[in-house]
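Subject: Structure for you to look at

Hello,

Here is the structure I said I would pass on. My notes on what was found in it follow below.

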Amino acid sequence: MNFETSRARALEKLNIFVENNLSEYSRLRNFDFGTDNRSNISCLSPYITHGIINEKEVIEKSLGKFSFIKNEKFIQEVLWRTYWKGWLELRPNVWSDYLIELNKIKGEFKNNQNYLNAIEGKTNIECFNAWINELKENNYLHNHTRMWFASIWIFTLELPWQLGAEFFMQHLYDGDAASNTLGWRWVAGIQTQGKHYLASEWNIKKFTNNRFNNIKLNENAPPKISRKTYSIIKQDFNNPQNIEDKSLLIFENNLAFEITDFQNNKFKKIYLISNKNENRSIKLSEKVMKFKSLLIEDQEQRLKTNSIDCEVIDISEIKNIENSYALYPTVGENLDFLSSNSLKIDFLYRKLDQYSWQYCNKGFFNFKNYIPKIISTFN
Ligand SMILES: Cc1cc2nc3c(=O)[nH]c(=O)nc-3n(C[C@H](O)[C@H](O)[C@H](O)COP(=O)(O)OP(=O)(O)OC[C@H]3O[C@@H](n4cnc5c(N)ncnc54)[C@H](O)[C@@H]3O)c2cc1C
């Protein structure tokens, strides 16, 4: 598996998937055929997470090929990301509490042999060990495998979900505060309270095409319990009436200025913000850091080709920039840096988020009903 670090290659990947594999997506998407055979899914998440391509672009491309009805499953999956993002925006304390809990648990588990065996891929569960190595090597796992992995981590290895979520963030090229934290909470049974995801031998065998056998798992564990509940924090995701001629900050989630809603606005200069591990609560692997910096470089090149004045700067230098807007970084490490350094910046929100996040107050089944409405705003 190779995730090349350019928008051009991401677009090529999208085109190939839509032309050749989208028609079978809904039938085949749950199969993990192994790293040499990933054509049944798009493998676009490392790009969408970084805004190299965006949800609107992906959905429009798919609708250029097939009708909404034929495409519904794929579109739903693409918008799961938007839903999780919005869900967390309305309850940002879920992320901050997660980091607090993680910090505490990390201290408790740093010498725990079960934990150390798990992250070294030295458990007695062959498939799990294989996925640990795959994650470290390819920085990607299939969605179904992420569910099995998290379930085995929590219910068979009996390790805290917070540590598993950290391990994913460290190694996934698509690591995202919302999809990852809420994905792990969902498997544990605390996202939809009392409803957990239990991996089972037959399911793994079937959907890995019998690549793994003799998988001894705890298939009867009860869901995890959390007494914390989170009420919605009402927020406005409004853009300024007039966008003035100021500078623009772009974080790692919006690395294709040319497809943003603000591409036609004039900005004095664009700053591409690089966030190193020293300013992150979760320290990312070298490969993930490299991936991010190459994607930032690719955006810088494209801006320069279009004669747009731009510069890559470290997040700590933001304080020296006066008069700027920022494309909203969303709940996660970059927003945390701004808040903890009391940096007040006017955010610019994407139309898709402004419109969709109002429907993230309840579950995904409710959100799904609004998908046709959300898509109708694309034109
Ligand atoms: C425990 C756990 C942790 C996860 N952590 C992340 C993460 O850090 N970052 C991340 O981007 N995704 C995460 N996911 C969601 C999902 O696994 C990946 O987005 C998906 O596997 C990406 O592969 P793909 O691009 O081939 O997906 P496809 O099946 O081709 O789907 C197309 C696009 O839809 C979106 N999508 C699909 N499934 C989901 C989903 N369940 N949730 C949110 N968006 C989805 C992605 O943007 C994806 O690129 C996690 C899921 C679980 C269960």
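A helix axis here is a line fitted to C-alpha atoms over the stretch in contact, and angles run from 0 to 180 degrees between N-to-C directions. Please keep in mind that this is a predicted model.

Helices α6 and α10

With that definition, helix α6 (residues 93–109) packs against helix α10 (residues 161–171) at an angle of about 100°, and their axes are 9 Å apart. Angles of 65 to 115 degrees count as roughly perpendicular, so α6 and α10 are roughly perpendicular to each other. On the α6 side the contact is made by Tyr98, Glu101, Leu102, Ile105 and Phe109, and on the α10 side by Gln162, Leu163 and Glu166. By type, the residues of this contact of α6 with α10 are five nonpolar, one polar and two charged.

Helices α9 and α11

The axes of helix α9 (residues 143–156) and helix α11 (residues 177–188) come within 9 Å and cross at roughly 60°. That angle makes α9 oblique to α11. The crossing of α9 past α11 is right-handed. Helix α9 contributes Arg146, Met147, Ala150, Ser151 and Ile154 to the contact, while α11 contributes Gly183, Trp184, Val187 and Ala188. Six nonpolar, two polar and one charged residue make up the contact of α9 with α11.

Domains

The domain assignment also gives a domain 3, which covers 247–348. The centres of domain 1 and domain 3, taken over C-alpha atoms, are separated by 24 Å. Their contact takes 10 residues from domain 1 and 11 residues from domain 3. On the domain 1 side, helix α5 (residues 68–90) gives the largest share, three residues. That side of domain 1 divides into three nonpolar, three polar and four charged residues.

Regards

Methods
Residues are numbered from 1 along each chain as its sequence is written. This is a predicted model: local features need pLDDT of at least 70, side-chain atom pairs count only at pLDDT 80 or more; totals for chains, interfaces and linings use all residues. Domain bounds come from an automatic or database domain assignment. Two residues are in contact if their C-beta atoms, placed from the backbone, lie within 7 Å. Helices (H or I, at least four residues) and strands (E, at least two) are DSSP runs, numbered from the N terminus. Ala, Val, Leu, Ile, Met, Phe, Trp, Tyr, Cys and Pro count as nonpolar, Asp, Glu, Lys and Arg as charged, and the others, Gly among them, as polar. Angles under 35 degrees count as roughly parallel, over 145 as roughly antiparallel, 65 to 115 as roughly perpendicular and the rest as oblique. A crossing is left-handed if the near helix is turned anticlockwise from the far one by less than a right angle, and right-handed if clockwise.
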